[in-house]
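Please look over the sequence and the model shown below before reading on.

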Amino acid sequence: MRLSIPVVLLAMWCFVIFFGAHIVEPRAGIIDLTAINELPSSVHLLGTDALGRDMLVTLLVGGQTSLIIGIMASLIALVSGTTIGMLGAYYGGWFDTCLMRILDTMRAVPTLLLLLFWQAMTEPSFIGVAVILGAVGWLYTARIVRSETHIHATREHVLAARMMGIGSLTIIRRHILPYCAGRIRILFLLELSGAMTMEAAISFLGMGLPPHMPSPGTMLAHAMNGVLLGHWWQAFLPGMMLVITLVLVHACVVTMKKEAL
Amino acid sequence: MGQTDRRNALLQVDRLNVSYSVGTRSVTAVRDISLAVRAGEIVALLGESGSGKSSLARAIVGLSPKEATVSGDIRYGNHLISDFDTDYQEKLFGRLRGRIVASVFQDAAAALHPLMTVGKQMADVMTEHFPSLTNSEVRVKSRHILKLLHLPPEAKDAYPHELSGGQKQRAMLAIALAARPRLLVADEMTSALDQKTKNVLLDLVNGLALLERMGILYITHDPKEAETLCAGRVIVMYAGECMEAGSREHVLEGTLHPYTKRLLDSDPAKAERQTVITAGERVTSPMEGACPYYSACPRRTSYCRMEKPFLQKVKEDHYVRCHYVPMEDD
């Protein structure tokens, strides 16, 4: 992967969030009822929310939460999606058919509905949200990896490897996976942005992270009343946070696509 | 071929048929082919493009495409495979491939993994079949095989694109030989190479049979290669059927079948009596009940259209499928 501008910017952005969150961690969640709904000032650089919590602190910690959940969810989605897609395509037959019908069934249900349903049945928690977002995300990955595997499984050197008696799993690992790697790298970023958006959406609806855990979604939910009272920064800042991250991620996808083609 | 010979054979193919069906259409690519390869023996399978050579080669190693229907018996030593398309035979082939039988295809450039060094690909095959091998043992064995094939030791760390055409083909051979198979199926191995490189490879193949006692099924379209190789037996295929088979002397020097004669005469080196096999002669779907070579045969009679000849024994170790061959009185 070449160090293109979007990749460097995204890395810097992530560093700022993780490093900043690490520094301000002790001040997270401190409620100061003497300083509610304050505009940005020298004490509170980005103002405060309706409970007097510092917006900068909440933003950094929330941004970190959202990134970690996004990364965890996309890793889960990638590993399971790649495994299922590749095995299905390579072995084919009834195994592939079963997997693809399960996938179709899951894709037929709106993702948000599925997420809300699962969240309603389970206790809201950090890990839980990541796992559930990953479990929804693999559908897309599996489809793409499967079609990619179909292309590479008929390569002459795959046939030659089978000829030498190399086992199926070794063939998949050594002969097919390297060819799908470029596609999988792009899929990782797409899954990341998808998972972060979804996390914000369900947290906003109150079905994602527990309310005391800051994330752009929960912050937006808190800001709902504030916006009507003219406290615009309470909604604007977490929104921008999310937008900047997603724009950077997608800029990376665009440059990677150009590299791959 | 006597019964004792058959029992010693590394590979024995009995009445193998391969047909492809696409939709409702069905084409038979290989019809009733029988052959045997013993240790240290080279069997040359001769035939032009479309004669079913490659279909036969793929079927022998159990890698026929999904559209193909295979029937007949294939016997590797004590392992008999007669019921194709079952999980059992797939597993059996999986155990045989690499360890007992290996094959080399025409296009080495495509058959080598472009992202892995030759040494790594050899090591993969070795550890697949002998998981207990240590790294240093693998290194020693790879070096030995590279030396056997006259490849420089540096070839181990080379990626396929760094090798020349002949070296690629030898690298392919090195990977095929990594697990020390006893039988090699070489399908048009030298077709993409120049004459000099070709001769080097043919020498290597001869050496494998003579020194390493490997059985080799050498598939080619070039009668000259069959002459250069110390082939013990030659089988001539046309339209998926065996037209003439027997020892090298009988088939290549005492040729009886009109098709084999034309194939041998089409050699550009023998320009004075060269004949060109025209496109019209390459009929691959013969008339039902007629001699497969009927439409192109210079010696055909109306009898050839009515009655398909059997593969008959003309003399010891010489079989011909033609009505008009002199029979030896015995």
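## Terms and source

A residue is called buried if 20 or more other C-beta atoms lie within 10 Å of its own, exposed if 12 or fewer do, and partly exposed in between, with C-beta atoms placed from the backbone. This is a predicted model, in which local features need pLDDT of at least 70 and side-chain atom pairs count only at pLDDT 80 or more, while totals for chains, interfaces and linings use all residues. Residues are numbered from 1 along each chain as its sequence is written, and chains are lettered from A and ligands numbered from 1 in the order in which they are written.

## Chain A

Of the 261 residues in chain A, 41% are buried. Chain A has 9 helices and 0 strands, where helices (H or I, at least four residues) and strands (E, at least two) are DSSP runs numbered from the N terminus. The C-alpha atoms of chain A fill a box of roughly 75 × 40 × 30 Å along the principal axes.

## The sheet in chain B

Chain B holds an open sheet of 8 strands with mixed pairing, in the order β6-β7-β8-β3-β9-β10-β12-β11, where two strands pair if DSSP finds at least two bridges between them. Its edge strands, each pairing on one side only, are β6 (101–104) and β11 (312–315) of chain B.

In the parallel sense, β6(B) pairs with β7 (residues 183–187) of chain B over 4 bridges, and Ser103(B) stands opposite Val185(B) in β7(B).
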